[in-house]
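Colleague: Before I use this model, I would like to hear what stands behind the terms.

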Amino acid sequence: MSVQVAPLGSIRITQHLDFEGTIELDGREQLGFSPRYPALVQLHEEMPAQDVPLHWHKGAEMLYARQGRLRVFVDGRSVTIEEGQFCLISPNARHAIHPMPRSTGQSVLSVTFDDRQIARLAPGLHDRCLKQGVPIGRGTAWPDADLELICEDLIVSLADDTSELRFIRAARLVFQLLEHIYTHYASESCELSAAAGSDAVDERIKPMVDFFDHNYASGVTVTQAAKEFGYSPEYFSRLFSKHAGMSPERYLTELRLQHAVDVLVSSRVSCSQIAQDSGFRSARAFSTAFFKRYGMMPSVFRRANHERLQEID
């Protein structure tokens, strides 16, 4: 496993990144943080634009569509971020990013906070959920000129390689960004707090969550999982539901749907094959679960999102 190490000052990404080298089998992205700064700051300008596959990390993330648009899938939801808008992603939330650049290029700012540094600075803050998966900024219900100004100042500060103070200024702006986001957009709980990284749930069921994260695609059932841990299916379900905030059946379905959504919009693999690869017992079971969750059939969802992804401003 290789880890990207991108110091705060090295923000411009002009070549494709090797996500196979940073995203583990359970979807966790391993990032290299500088010990001097509380975040990893990257400005994506690579062309052609690069999709970021489904993944999660322990720190919160902010995306700023500076030039071009973004299609973001976060915890099973899909949202389009227009140019000049922002999207927040909570700690441990599973998400995928599909850029929709202009014909002249893209400019997308990504700021991923280091959960360990945040935990040391403000215990209890690092795993707070954010107002995620909704557009913020220009033309939305949450216009935020201050957030845009902080981000633009951050980019300008890091680009000014003539100043010895640029990293100090950038660090100040990162902390300002952190304060702004958690002051205005933090919430007390996540709807699917257990449906992401295993560190988001009670210690007693972490092994169960890990087991599901690694085996959902094989079609594993709750009965099989209960047997793996030496419990009856009834006791296993009660224990999991109590500490995860949802039933194990729902958790498995969420994992499978999140995987299916990512494949639907990023490939031409047949829906029946996606159902099999995602761990559903049949294509019909996949379609039923998908319709219940998203209100449309998988093929309709794919067609709609492929059309949006092909749009160029």
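Predicted model: local features only at pLDDT ≥ 70, side-chain atom pairs only at ≥ 80, totals over all residues.

Modeller: Residues are numbered from 1 along each chain as its sequence is written, and side-chain values use heavy atoms, with hydrogens and water left out.

Colleague: How do you know that the span of helix α9 agrees with its 12 residues?

Modeller: Helices are DSSP runs of H or I with at least four residues, and strands are runs of E with at least two, numbered from the N terminus. The expected span is 1.5 Å times one less than the number of residues. For α9 (residues 283-294) that gives 16 Å, and the end C-alpha atoms are 16 Å apart, so the two agree.

Colleague: What makes a set of residues a nonpolar core?

Modeller: The members are buried Ala, Val, Leu, Ile, Met, Phe, Trp, Tyr and Cys residues joined through side-chain atoms within 4.5 Å; buried means under 20% relative accessible area (1.4 Å probe, protein chains only). The largest such core has 30 residues, and Met62, Leu109 and Ile181 are among those with the most contacts inside it. Helix α3 gives the most to this core, seven residues.

Colleague: Why are β5 and β8 called edge strands?

Modeller: Two strands pair if DSSP finds at least two bridges between them. In the open sheet the order is β5-β10-β7-β8, with antiparallel pairing. β5 (52-55) and β8 (77-81) each pair on one side only, so they are the edge strands. β5 pairs with β10 (residues 95-100) over two bridges.

How values were computed. Buried < 20%, exposed > 50% of the residue type's maximum accessible area, 1.4 Å probe, protein only.
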